[in-house]
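Let's take a walk through this one together. Keep the sequence and the 3D view side by side while you read.

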Amino acid sequence: MRRIVLPALLAALLPGAAQAQAQPDQGIQTVTVTYTRDPVDKSYRKMIRGMERFQREHALAPQATLRFRLLPRSPTVDMHGITLRVAGDHITVPVAVAPDNSFVLPRNEQALQEDAAVVANRKTTSMTWRAQVTTPGLPPDARRLGDLRLECLVGMEAGLVSNSSPLFGWISNALTSPEQVCNSPDGNFLFFTERPLFSVTLHAGDRTEILPFHFLYAGGEQTRDMLPFCDCQVLLDRTYYAPIWDRSWPDDTLVTFDYMDDAPTAQESTP
Amino acid sequence: MSARRMLAATTLAAVLLPGCATRAPEPGTSVAETRFDTLVVPGRTTRAELLAAFGPTKTVVFDSGMEAWLYTAPAAGGRHTELVLLVGRDGIVRKLRKRPAYPTDPVP
């Protein structure tokens with residue numbers, strides 16, 4: 001059982017509108033903003049805290065770089081042509097989005113002071129967000145466990161996971177620290193692959209183990225009724241848990257994947 | 001937010017957010033591994049043949065129409081081997097994999 005929501009209570013979340021005039025030029029691009037704040041937009045401050053966490057915990061993945069990534073959550077969301085911006089009361093900072101829907105968040109002091117939001121031109125609940133920590137030079141179809149550990153810490157610190165309702169998100173954050181989620185077998189932090197999964201294997205020196213079935217597909221316990229409340233909703237067949245809490249597997253452990261289809265198609269390789 | 005509201009919200013959240021309460025995974029139907037090896041051939045065995053030979057088991061159905069089926073076979077030390085099948089949209093077994101019991105597996 002994962003986190004659940006009471007949809008009826010979401011009615012309490014009615015977005016307010018805010019209009020703002022731009023401040024004088026301070027060396028960055030400023031425009032007149034008409035911004036409708038959505039209470040479930042991602043917090044810029046939190047995402048910056050996630051980036052700071054990445055720097056503090058960089059030893060988990062010394063060679064890795066950090067990006068964030070947008071993934072589909074709603075069955076109908078169009079993941080092509082997404083635009084992203086940091087929106088405060090008096091400032092808008094455009095964020096470049098790569099073809100794979102990953103991006104680097106720029107640091108902007110005014111946006112921090114204004115407690116800006118990170119806003120996409122999609123309904124926020126139609127997508128899920130993740131940190132993407134990638135060590136260069138790994139074999140194809142492989143991840144590194146230390147990278148995944150850092151993705152969990154950064155993702156939780158940045159408030160990216162959206163399994164629970166927005167209404168209770170702040171309570172969830174208050175009750176579950178990154179350490180509680182990322183260092184516990186019951187943390188249930190989901191990872192996603194590029195293609196539908198059939199098997200996941202860990203390799204560390206002479207030790208090799210295939211992950212049990214319940215580590216795949218969000219535990220295989222999601223019913224049709226539960227799926228809308230899991231951010232694996234449309235990525236269920238690409239979903240796995242990694243034993244990031246288990247320190248008997250070193251950070252350099254390789255996590256390799258066997259997929260349902262042996263060869264990727266163009267559509268499958270772009271979540 | 002008042003203390004009373006905070007208490008109510010926290011209590012409700014404790015009920016609604018069982019992020020730390022994971023159910024024990026539902027096991028797959030237990031079968032004899034030798035019989036399974038004999039009867040299941042990827043590319044040929046059908047869903048109906050699986051059901052007739054081994055009965056229903058834990059299954060995850062995806063939007064793509066693919067299905068993952070989990071059977072288990074007894075292994076040493078009270079543990080079990082996982083026998084995982086990928087069943088295609090046409091109802092034919094596409095792939096088979098086995099996960100042996102590892103010494104680090106919890107004993108049931």
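**A hairpin to start with**

In chain B, strand β2 (residues 58–61) pairs with strand β3 (residues 67–74) in the antiparallel sense, over four bridges. Two strands count as paired if DSSP finds at least two bridges between them. Helices (H or I, at least four residues) and strands (E, at least two) are DSSP runs, numbered from the N terminus. Look for K58(B), which sits opposite L70(B) in β3(B). β2(B) and β3(B) make a hairpin with five residues between them, and in the turn G65(B) has a positive phi of about 95 degrees.

A word on what you're looking at: this is a predicted model, in which local features need pLDDT of at least 70 and side-chain atom pairs count only at pLDDT 80 or more, while totals for chains, interfaces and linings use all residues. Residues are numbered from 1 along each chain as its sequence is written, and chains are lettered from A and ligands numbered from 1 in the order in which they are written.

Stepping back, chain B holds three helices and five strands, and from the N terminus on they run α-β-α-α-β-β-β-β. Buried residues (20 or more other C-beta atoms within 10 Å of their own, against 12 or fewer for exposed and in between for partly exposed, with C-beta atoms placed from the backbone) make up 23% of the 108 residues in chain B.

A contact here means that the C-beta atoms of two residues, placed from the backbone, lie within 7 Å. Where pLDDT is low, the predicted coordinates should not be read in detail.

Next, a sheet. Three strands of chain A line up as β7-β4-β9 in an open, antiparallel sheet. β7 (102–103) and β9 (127–134) of chain A are at the edges with a single partner strand each, so one side of each has no neighbour in the sheet. Helix α3 (residues 145–157) of chain A packs on the sheet and touches β4 and β9 of chain A. The direction of α3 makes about 135 degrees with that of β9(A), where axes are lines fitted to C-alpha atoms, for helices over the stretch in contact, and angles run from 0 to 180 degrees between N-to-C directions.

What about the inside? A nonpolar core is a set of buried Ala, Val, Leu, Ile, Met, Phe, Trp, Tyr and Cys residues joined through C-beta atoms within 7 Å. The largest one has 76 residues, and Y44(A), V118(A), C152(A), V154(A) and A242(A) touch the most other members. α3(A) gives the most to this core, with seven residues. Leaving aside neighbours within four places in sequence, V118(A) is in contact with residues including Y44(A), M47(A) and L105(A). Both Y44(A) and M47(A) are among the buried residues of α1(A).

β12 (residues 197–204) of chain A pairs in the antiparallel sense with β13 (residues 207–210) of chain A over four bridges. T201(A) has I210(A) as its bridge partner in β13(A). Two residues lie between these strands, and G205(A) takes a positive phi near 60 degrees in this hairpin.
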